[in-house]
Amino acid sequence: MSHYLFDRTFDIYFPGVYNGNITFKETFVEICDVDRRTRAQLKREPFNKNKKNTMIDFLKLHSELAAYAEAKWEGERVTLSNESVYSRYLTFTDRIDGKEVTSQLWAQRKTNGVLDIITVDGKIVAFSNPGRVSSEIAVVKGYEKLTPLVKYDDPLLSKVQYGINHLGTVFVPTRDGVNLATEVFLPDGLQPGEKVPAIVVRTCYGKERDVHRCWHWTARGYAFVIQDVRGRSDSDGILEPFQNEREDADDLFNWIVAQEWSDGNIGMWGASYLGYTTTAAATSGNPHLKTAISEVNVGSPFTDTARRGGTICSWPLLCWTLAQSMSNRTDFAVFAGESISVEEAVTHRPITEIPEKIIGKKSGPWDLWREHYHYDDFWKHSDNTQHSHKIKIPMLIVSGWYDGDALGVQETWRFLTKHDVPGRRIILGPWPHNLNAFRDCEDLEFGDNAVDYDFDTRIIRWFDRYLKGIQNGEDKKPRAMYYVVGENQWRESEDWNPLESKLVNLYLASNGSANSMFGDGRIVWQPDSEPGFDSYIYDPLQPIGERGHVKPYHCNHIQLRSDCLVYDTEPLSTDVAMAGNVYAEFYASSSAVDTDFIVRVSDVDEKGIARKISDNVIRAEFRKGFDKPELLEPGKVEKYEMEMYFNGYVFKKGHKIRIDITSSNYYEFFPNTNTGINPYEDPKPVVAENRLYHGKEYPSHVKLPILYGL
């Protein structure tokens with residue numbers, strides 16, 4: 001069926017850089033690519049996603065094009081025939097052929113990743129795909145200033161004026177003689193003797209995966225250097241996660257500044273594990289590293305990924321480890337749990353055999369971690385906190401409330417603050433691990449502004465300021481910018497935690513029967529004068545399981561169980577807003593010599609649905625510190641303290657704030673056997689009776705960072 005989008009050509013811009021054009025034909029998509037070195041237009045040919053890497057899935061879009069063409073783009077909300085949902089959001093105004101024209105940006109809702117639409121007079125003139133690493137816009141020629149491309153018109157932004165000169169693969173030696181595969185991209189057309197700053201990425205996922213997402217920096221006058229970490233893809237050596245990233249980055253920086261094209265200024269960018277490599281590089285203290293941007297960064301392994309709270313992490317760690325262990329290249333089907341059984345992976349015993357059982361071979365990282373159950377020099381070497389005093393450079397930290405590595409981000413910000421690192425800045429949105437690509441998470445709806453159209457340009461400005469010295473004001477911005485879910489507004493603060501929030505203690509109380517959401521647990525504003533406790537039976541063979549991790553999942557199925565203690569406020573008389581880190585301080589005992597405690601905060605709406613807001617876990621053996629393991633004396637009351645996941649959130653009037661305490665979630669960490677025996681030795685589990693104490697003598701409570709309402 002013919003429609004107006006057929007035979008219409010759209011120019012493609014990738015973070016503001018022209019990247020060819022596509023035309024939707026009736027039976028195929030035609031592309032006219034550009035040579036990235038000369039910027040010359042190439043011949044037209046059918047679009048092949050294996051040859052041309054784009055963020056927008058043009059083939060999928062082509063298959064659904066009729067739904068977009070036939071939609072009536074009017075009103076406040078539009079639902080297409082393919083069930084895509086759009087909300088009226090931004091407008092842009094420009095003059096075209098002497099006439100003032102206003103466009104309408106429609107924000108996509110209820111989807112993982114967004115494809116926004118820009119219309120003029122009800123007709124589509126552009127498609128926009130924002131995201132974490134970069135963004136892409138396809139626009140009809142002449143309508144560029146009626147789209148978010150206007151963000152790139154900032155006169156203080158580095159201009160797009162270079163092609164890309166790919167120097168190819170170079171093997172950079174490390175201090176211990178391992179050669180690491182490194183790709184170098186220079187601005188094409190540099191004059192003899194002209195030098196440029198470099199932006200570095202170090203990846204465990206293969207250089208080819210990130211080259212197409214980062215090359216736009218070169219067009220703006222930066223060298224772009226990307227390296228496979230040791231043991232991955234084209235690099236030599238053996239992967240020992242976290243262990244060599246500091247020293248290997250230091251060696252790479254020294255190699256870069258010895259090149260004739262380097263002006264001696266280096267910046268680094270990374271997200272997830274690449275965020276860990278970035279933060280670890282900053283702890284090297286290399287004088288040539290002038291700034292770094294670390295997004296959703298994996299934290300030190302005993303804080304975040306491998307041993308969160310002293311436990312042994314299960315699926316969040318297994319998925320990555322098994323995917324890295326298939327070969328020297330990441331198996332993303334394993335990573336996503338698509339080609340293996342997740343349930344079998346997290347329930348197989350002994351845990352030492354999981355890689356052989358699930359992927360049919362041993363895993364070097366898994367065996368390495370097995371050798372170090374306790375926090376020792378091995379873990380200390382990869383603990384960024386131990387080396388953070390060497391960080392002297394401005395760092396931009398970016399994460400979200402529903403990011404699985406948020407504890408790593410909190411760790412990074414904690415030591416940047418401790419050492420008062422100048423120029424540090426943090427941005428926290430309502431996002432999962434894939435930043436800036438969600439306006440909804442589970443059944444929570446955020447504002448259309450949850451996608452930040454200044455995301456890309458802010459990163460460019462940051463590097464411009466600290467690598468090129470452009471006075472663009474990026475160093476004058478407030479230290480913290482964060483999004484409050486429920487207000488659905490961005491706020492700014494001169495620090496993080498926000499200076500405008502205050503910690504309020506929510507004390508636990510009961511008549512001795514707080515078991516499940518139907519028990520008598522309650523939250524009070526002062527500890528009861530009389531002591532009390534609640535107890536539950538934790539059986540490691542009957543653990544709780546929830547795959548939601550940090551998402552705002554419904555908690556009711558957990559809170560129905562008798563091995564979960566539940567405490568509620570009365571219905572709130574007004575909205576209560578929080579923003580910042582959450583902390584727990586509680587008193588507990590166990591009949592066993594070791595056990596785990598999970599503390600969770602949830603929001604209970606008028607229908608009784610409880611949505612998770614924050615949580616964390618602590619293994620009792622490490623209650624006095626990871627470096628001070630000590631088993632329990634059965635029955636002895638002990639004090640526990642933990643930092644939980646941060647959030648910015650409004651508990652609405654009529655809702656309840658709920659705190660629950662339990663001992664397991666086998667999708668996040670392997671159940672504690674309660675034996676005190678190294679779990680890698682496959683001890684036979686024992687059942688524990690765990691008690692939570694409250695009252696004036698044992699004032700167990702959670703600290704919420706309250707903006708207003710309490």
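Valine 29 is placed in strand β3, which spans residues 29–34. The model described here is predicted. With a relative accessibility of 2%, valine 29 counts as buried, because buried means under 20% relative accessible area. Leaving aside residues up to four places away in sequence, valine 29 touches Ile22, Thr23, Phe24, Glu45, Pro46, Phe47, Phe58, Leu59 and His62.

| Domain | Residues |
|---|---|
| domain 1 | 8–152 |
| domain 2 | 163–302 + 380–493 |
| domain 3 | 307–374 |
| domain 4 | 501–707 |

The rest of this report concerns domain 2 and domain 3. Their C-alpha centres lie 26 Å apart. On the domain 2 side, 16 residues are in contact with 17 residues of domain 3. The size of an interface is often expressed as the accessible area that is lost when the parts come together. Between domain 2 and domain 3, about 1300 Å² is buried, and 57% of that is on carbon and sulfur atoms. In domain 2, the residues that lose the most area to domain 3 are Tyr205, Arg232 and Phe302, which together make up 41% of what that side buries.

Polar and charged groups also take part. There is 1 salt bridge between domain 2 and domain 3. A salt bridge joins the side chains of aspartate 234 and arginine 329, at 2.6 Å from N to O. The side of domain 2 that touches domain 3 consists of 9 nonpolar, 2 polar and 5 charged residues.

Technical notes: Residues are numbered from 1 along each chain as its sequence is written. This is a predicted model: local features need pLDDT of at least 70, side-chain atom pairs count only at pLDDT 80 or more; totals for chains, interfaces and linings use all residues. Side-chain values use heavy atoms; hydrogens and water are left out. Domain bounds come from an automatic or database domain assignment. Contact means heavy atoms within 4.5 Å. Buried area is the accessible area (1.4 Å probe) that two parts lose on being put together, summed over both. A salt bridge is a side-chain nitrogen of Lys or Arg within 4 Å of a carboxyl oxygen of Asp or Glu. Ala, Val, Leu, Ile, Met, Phe, Trp, Tyr, Cys and Pro count as nonpolar, Asp, Glu, Lys and Arg as charged, and the others, Gly among them, as polar. Helices (H or I, at least four residues) and strands (E, at least two) are DSSP runs, numbered from the N terminus. Buried means under 20% relative accessible area, exposed over 50%, partly exposed in between (1.4 Å probe, protein chains only).
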